[in-house]
Amino acid sequence: MRIFLRIAALFWKQRRLAVLTYVCLFAGAALSMFIPDLTGRAIDTALGSGQASLLVFIALGIAGAGILRGALNYGQTYLAEALSERVAYDLRNMMYNRLQSLSYAFHDRSQTGQLMSRATSDVEGVRMFVGFALLRGVYFLVLLVAIAVVLFVINWQLALISLCALPFVSYRAVVIGNKLRVFFMKIQQGLGVLGTIIQENIVGAKVVRAFAREDYETEKFLKQAKENYSLEIKISKLLAINSPVMSFALYFAMAGILWYGGRLVIGGELTQGQMAEFLLYVVMLNMPIRMLGWLTQLYSRAMSSGQRVFEVLDAPTAVEEKAGAIDLAGVKGAVGFENVSFSYDARQPALEQITFDVKPGQVVALVGASGSGKSTVANLIPRFYDITAGRITIDGKDVRELSFESLRRCVGIVHQDTFLFSATIRENISYGKPDATLEEIKHAAKIARLHDFVMSLPENYDTWVGERGITLSGGQKQRLAIARTLLLNPRIVIMDDATSSVDMETEHQIRQALKSLLSGRTTFIIAQRLRSVQMANLILVLENGRIVERGTHRELIVRGGYYNRLYNLQFQYQEGWQTPIEEEPTLEEPLETASLPVTEGLVIPVASKIRTRSSLSDSDDIVFGKPYDSRIIARMAKYFAPHKAAAILTILATLLYTGTIVASPYLVALAINQYVVAGDISGLNFAIVLFLGNAIINLTAYWGQIRAEAVIGQGILLRLRRQVFSHLQRLSISFFDHNEAGRIMSRAQDDVGELGDFLDSGAFWVVGEVVSLIAIVVVMLTMSLTLALISLAVVPFLFWFIVVWQKKARQSFIHARQKLSAVNASLQENITGIRIIQSLSREKINSEHFDRVNKENLDANIRAARHSAVMMPVMETLVSIATALTIVFGGLNVLNGMILVGTLIAFTLYVQQFFDPIRTLTMEYTQLQRAMASAARIFELADVKQEVMDNTHAIKPSRLDGKISFENVSFHYETGPEVLHDINFNVYPGETAALVGPTGAGKSTMVSLLARFYDVTSGRILVDDHDVRDFEQVAYRSRLGLVLQDPFLFSGTIGENIRYGNTAAADSEVIEAAKTVGAHDFIIKLEKGYDTWLQERGQNLSMGQRQLISFARALVANPSILLLDEATANMDSYSEQVLQEALKKLLKGRTAIVIAHRLSTIKNADRIAVMDAGRIVEEGKHDELLSLDGLYARLYEMTYAGAVAREK
């Protein structure tokens, strides 16, 4: 009830629209009540007196009432849709703003797929309930009461018989509703899980393919899909009992009227017109009773959806702005930590008793092992989390006393995990300062050493960046993030391992450029490369959440403690190495301008309008308004093949069900014409038996139809889900490069669901309604050809209007669909990028932007409502005109003795029944359009060709020796220029080969080609003297082990993520792998150890810990060839040393390709290829390359600059 009251409060917020809607509804109901009454009077008064003029007058009254009712119907339909859309608009804004305000802690434990499910399908569930149940549901209730009152006024005994089943029907609705609510809650939760699996398989596509886990992921997805299938079948069982029983109750009431009412007519206590009234009123009850089942479903779904929505709206945030918070002005930059302790989970402390003071303009470095608390310290300063004890001050003011915006505006943070938005490079850099000029943007880009790269792109700063910056290298993304933060001109700057993915020379250039810029600013630097922190005024060394050392670089080296050990580990491999006590560089060191320009192989971001072979069209381009497309229907028909028995049963049940509906008025006419008029009680009893027999057949057929249709619809939905997901697993990585995750998810989740819903609840109903229309026309023509033609004279106009209407409505439907897509895209990206939004204080700007997008969606849907609302009024008007024509000409035929009264009554019932299917079809019209559009989008996705294909006679390698040869390899991505030029490179079995060079030189591209994520443009890559294109992809990749620069982990336990490399691995193997790479110690310190559940993308672990898990995952795979793509970029020196020692054993007998910017990690490689601008410019061993004094030597010098002088 609490959920219902909260939804009702949202509804009542639009009270003006609600009142107007109710006025239209109730006025329309009143006019509806006149039509059976006027029909009864026509039969009794006009026919009894033989006055044709009175008959015409009453018919005109019926027509007039129908026309007025039609006008009111337009009002109630349009207003109801407008009201429900406004409620959805409010809910979306509330959801969006709440998600924007919830702290990092909430988003750490939330999955994007689940949040999207709540913000889309759950909001839609509430909207449908408001638009139909709270408005038309009340209308049906009032209509029910009004009919009951009128029936009691006419004859209370007959009224009791007519309404005797209502208490039972109502009770059933309540019981079924409670059961359905539980099922709908589980289904919505299951859909969220499916969404998460799809999203992780899209974003983590490289990891899935690298470990050949396509089948594993498909089975995982299918398991959840089958659980949803099982729940839907259980729901169908409930509905298969409930809906037919409700329908039977109506037939039972009509049988009661015929049985008892017929006796009253024979006895002279009731007129034929009054009995006709009773029958017409009971027929009017058909819609409320039929809708009662749907209302029950809407209510149950809305309560479960509402609960999920309000869980987010009511979610407590661990960080709240204090009432009366003060703005931080005139910031100097003094930062103080006073006995600060903090815990993420209130159990295990992440920081303990942290105390330090930073003076304005000082540079503070935070160093320590992965997971020691460095990033936690950084995240506490802008108050992304609230401390457990102690206090943090800026310029002496407790950060908890400050407003979020003023605090975060003065603290600029470059996050360790770089996130970019789907926008241009210019828009991404100016994300925190939208009003920045191009010159300001360029200045920031120059400092971040990004400008030259951007200017080499065809569209310069207007180049579109793909989702999460997927088409940029790691270093390019980091430099863009640095530029974005620098543009804010903050007084306090936090660099959270912000240059881990750039090469040494670029890092050196950035560091030199920052020196002058950061002068006078308080700066916090978190870095694993200790060369980056030597200039710091204060270095804080953290271990297990505590500060174990503090001082300058010189002081800490002299002290010979933990910092000295980390430093020694990092530089011990340099020639002539010794513990250095060099002169510390000063911050006033002039900006170097003589460095060589950054030369990069172009990694072209996808331009906003560039389309490729694997690009999906905008969903808006798909034909949306076409209710019938033969090509789509033909493809959809194939999905029914495995369900032939169920399809035949459904068709038979549908025909039988339709036949019983059509037979009912005929049996009424038979009872009245043959037995009531003749006063034959026994014959009347026989007719009642026939009528009840028809009702029982109706009940049975209805039950069979629902059950069989659910099996078919849900079976096809399950098959569609499996096929679409399996197809995604087969698609090449280039497909995911060119298509945003939101767009793919929309098709794999929303469109598949939309089509499945239609097949489950709409497809056979449409067939049944069409059959019903034909059958009614046939029966009417059989009973009276002339009267049938007159009664149906309005039908040609109706069909002409439908054709015109759907053409007019098409554009409004398309426009509404476009705007909804924009809303969903904005939601997803803003949920995924929430940390950047909060760190840049973009909440207000983004909220205003989302409100504009949401408002456009609201306006588009209201415009669509104006078009869709026209259909029902026209329908009601035509029904009343057809009824009036039937009364006039049918009445004249009765007066002339051409037909009997029973036939006239049957015709009035048939007119109502004839338009009922059309009403239903018009209500289903929008769903039909959406289903056709969804099918078109699904089939377009299914038709995307796999760009990297297996040969017909592909080889399945059982093992690999590891010999690798690149022969004249050139390559370009589909939308860009060539990025590798004539590469020749050989690696022999058991060798370790290293690829080094500036950011964007083409190193990761070579690894991607070796893993066959892409196929070469020219030349060939040989493994064990076989072209990699001759291997079966899954079998080949199962012999590879890949550790990516950006470690991707799946939702699940730590143990499951490590076991991902070999799903058959025993627990002992998982633990051994973790021990080998140095991850075991931090894992067992977690409360649940290897059973610790990882949040989305492993957010509850540090970046270094995620990389260790990725290494353990690769080790468990026991690969023949190991590919390490900057895999230690975020590791501390100690973890890296442990890993390097492990690698000596791990790489023994294995071929390895290592990409590294830390040249100490590849010093002992058997061969090193130095890349620049897509070419190998130097090749040899470490000593040989140093002696060349070329690019490698310069990069090496940048690594150790300031530590010791390199021996020549």
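## Overview

Of the 1208 residues in the protein, 63% are buried, where buried means under 20% relative accessible area, exposed means over 50%, and partly exposed lies in between (1.4 Å probe, protein chains only). The model is predicted: local features need pLDDT of at least 70, side-chain atom pairs count only at pLDDT 80 or more, and totals for chains, interfaces and linings use all residues. Residues are numbered from 1 along each chain as its sequence is written, and side-chain values use heavy atoms, with hydrogens and water left out.

The protein contains 41 helices and 24 strands; these are DSSP runs numbered from the N terminus, with helices being H or I of at least four residues and strands E of at least two. Among contacts between residues at least 6 apart in sequence, 82% join residues at least 24 apart, a contact being heavy atoms within 4.5 Å.

## Two open sheets

Strands of a sheet pair through backbone hydrogen bonds, either parallel or antiparallel. Here, two strands are taken to pair if DSSP finds at least two bridges between them. Strand β11 (residues 538–543) pairs with β12 in the antiparallel sense over 5 bridges, and Val541 stands opposite Glu549 in β12.

Another open sheet has 4 strands, ordered β14-β13-β16-β17, with antiparallel pairing. Its edge strands, β14 (978–987) and β17 (1026–1027), each pair on one side only. Between β13 (residues 964–972) and β14 there are 6 bridges in the antiparallel sense, and Ser965 stands opposite Asn986 in β14.

## Nonpolar cores

In soluble globular proteins, nonpolar side chains tend to be buried together. A nonpolar core is defined as a set of buried Ala, Val, Leu, Ile, Met, Phe, Trp, Tyr and Cys residues joined through side-chain atoms within 4.5 Å. The largest such core has 281 residues, and those with the most contacts inside it are Ile7, Phe915 and Ile1058. Helix α32 (residues 901–942) supplies the largest share of this core, 19 residues. At least three residues of the core come from each of domain 2 (962–1039 + 1121–1199) and domain 3 (1046–1118), with domain bounds taken from an automatic or database domain assignment. Apart from this core lies another, of 37 residues, among them Tyr104, Phe337, Ile387 and Leu540.

Leaving aside residues up to four places away in sequence, Ile7 touches Val126, Phe129, Val130, Leu134, Ala302, Met303, Gly306 and Phe310.

## Helix α31

Helix α31 (residues 871–895) has 25 residues and reaches 36 Å from its first C-alpha to its last, close to the 36 Å expected at 1.5 Å a residue; the expected span is 1.5 Å times one less than the number of residues. The helix is mostly covered, with 20 of its 25 residues buried. After α31 comes Gly897, whose phi is positive, near 80 degrees.

## Individual residues

Most residues other than glycine have a negative phi, and most peptide bonds are trans. Ser841, in the loop between α29 (834–839) and α30 (843–868), has a positive phi near 55 degrees. Ser841 counts as buried because its relative accessibility is 6%. Asp1189 also has a positive phi, of about 55 degrees, and is found in the loop between α40 (1182–1188) and α41 (1191–1200).

Asn428 lies in helix α14 (residues 425–429) and, at 0% relative accessibility, counts as buried. Arg400, in the loop between β5 (397–398) and α13 (404–410), is partly exposed, with a relative accessible area of 29%. Arg400 and Val319 are 81 residues apart in sequence and 8.9 Å apart in space, C-alpha to C-alpha. Ala1064 occupies the loop between α35 (1054–1059) and α36 (1067–1077) and counts as exposed, at 66% relative accessibility.
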